[in-house]
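Please show me the structure, and let us go through how some of its features are read.

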Amino acid sequence: MTDEQYDDTTPQETASPTAETAPSEGVAPQYGVGPFTIREVTLGGVWLVAFVVSFFSVTVARFDSVWTSGLLWIITIGLPTVAVFLLALRRLSPQGIRRVGSLGIDQFASVVFSFAALLWLQMVWETVAVAIDSGLWLRSWVIWVELVLMLVGVVLTVLAPVIPPFSQDFQGRPEVPAHRSARPVRAVEPRPAHVPVDQEDTAPGAEWTGEARYEAPMADVDADDFTPNQTRGTFEAVDADETIEIERPARQQAFWALVPEERDVVDEGGAPLFRIGPTAWALVIEDRGEVFVVRDEDGTVGFLHDIDGVTRG
């Protein structure tokens, strides 16, 4: 199954922009500048200043900006630029990119501005340490300005939900299911012991012909006195009047299944993991009677409780 079949969005998420961005009941309407909130406009202004300053030299001995210092630009200004671009794209095209991996766009912005601030802080720390030891000031004013701007970016992303008026940006947002990677982890259970039983395990000269079960102990019976009963799937004693039925562990054989309509495959707690439908066969790795254990193409294993009308392949 493709990622599209695993879409975590709900009808509320895929609704029109008007339905999605409408304020929740009891929440005051949010005003801003055009389609953007006060927080987004402020963060965009902070990024613009940081972007311009990034083209100045970070050293005093020669010209060397973050754009000419190998891959230094990626975290210091590149990723914050991507974050601000995604924030703007979310407002201008609500049906566009909605997350980066398992992170929402606001979460992604919080992460990248935090990493950028940490890297600029490292550069300031090194500069001050060298100046204390040798008296040489190796880096320019750029690192100080960028550090302050990135710290402001951290405030506008990480701390904004608790700082008025920026907190209004996070109030009344519609509730949607979490991405699979952001959901609580499942419990890990010990793997059940599996002892395969082959035909060679039966009595010499006998052939297993049916589903059998232990109904009498075999301790006092010679295995050589048994012949297979072709109709009952049992071993029958030649010189005795008693038929002894021997239970053998049932083999679990995977099979393909096709459901008549889309159905949820859930975890042990009942939370949906993925869906199977009538357009593709699903791999059932275990039949537990009223429940099928289904494995997805990506290795996810869940339980199908509604097995009515399932076609076996």
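This is a predicted model: local features need pLDDT of at least 70, side-chain atom pairs count only at pLDDT 80 or more; totals for chains, interfaces and linings use all residues.

Q: How are two packed helices described?
A: The angle between their axes and the distance between the axes describe them. Helix α4 (residues 105–134) and helix α5 (residues 142–157) have axes that come within 8 Å and cross at roughly 150°. Axes are lines fitted to C-alpha atoms, for helices over the stretch in contact, with angles from 0 to 180 degrees between N-to-C directions. Helices are DSSP runs of H or I with at least four residues, strands are runs of E with at least two, and both are numbered from the N terminus.

Q: Which relative direction do α4 and α5 have?
A: α4 and α5 are roughly antiparallel to each other (over 145 degrees). Their crossing is left-handed, meaning that the near helix is turned anticlockwise from the far one by less than a right angle.

Q: Which residues make the contact of α4 with α5?
A: Contact means heavy atoms within 4.5 Å. Among the residues involved are F113, W120 and L121 of α4, and W144, L147 and L151 of α5. The contact divides into 15 nonpolar, five polar and one charged residue. Ala, Val, Leu, Ile, Met, Phe, Trp, Tyr, Cys and Pro count as nonpolar, Asp, Glu, Lys and Arg as charged, and the others, Gly among them, as polar.

Q: How do α2 and α5 cross?
A: The axes of helix α2 (residues 38–53) and α5 come within 10 Å, crossing at roughly 160°. α2 and α5 are therefore roughly antiparallel, and their crossing is left-handed. Residues that meet there include R39 and L43 in α2 and E146 and L149 in α5.

Q: Is S140 buried or exposed?
A: S140, in the loop between α4 and α5, counts as buried at 9% relative accessibility (under 20% relative accessible area, with a 1.4 Å probe and protein chains only). Not counting residues up to four places away in sequence, S140 touches S57, V58, T59 and V60.

Q: In which sense do β7 and β8 pair?
A: Two strands pair if DSSP finds at least two bridges between them. Strand β7 (residues 263–266) and strand β8 (residues 272–276) pair in the antiparallel sense over four bridges. V266 stands opposite P272. The two strands form a hairpin with five residues between them, and G270 in the turn has a positive phi of about 90°.

Notes. Residues are numbered from 1 along each chain as its sequence is written. Side-chain values use heavy atoms; hydrogens and water are left out. Angles under 35 degrees count as roughly parallel, over 145 as roughly antiparallel, 65 to 115 as roughly perpendicular and the rest as oblique. Buried means under 20% relative accessible area, exposed over 50%, partly exposed in between (1.4 Å probe, protein chains only).
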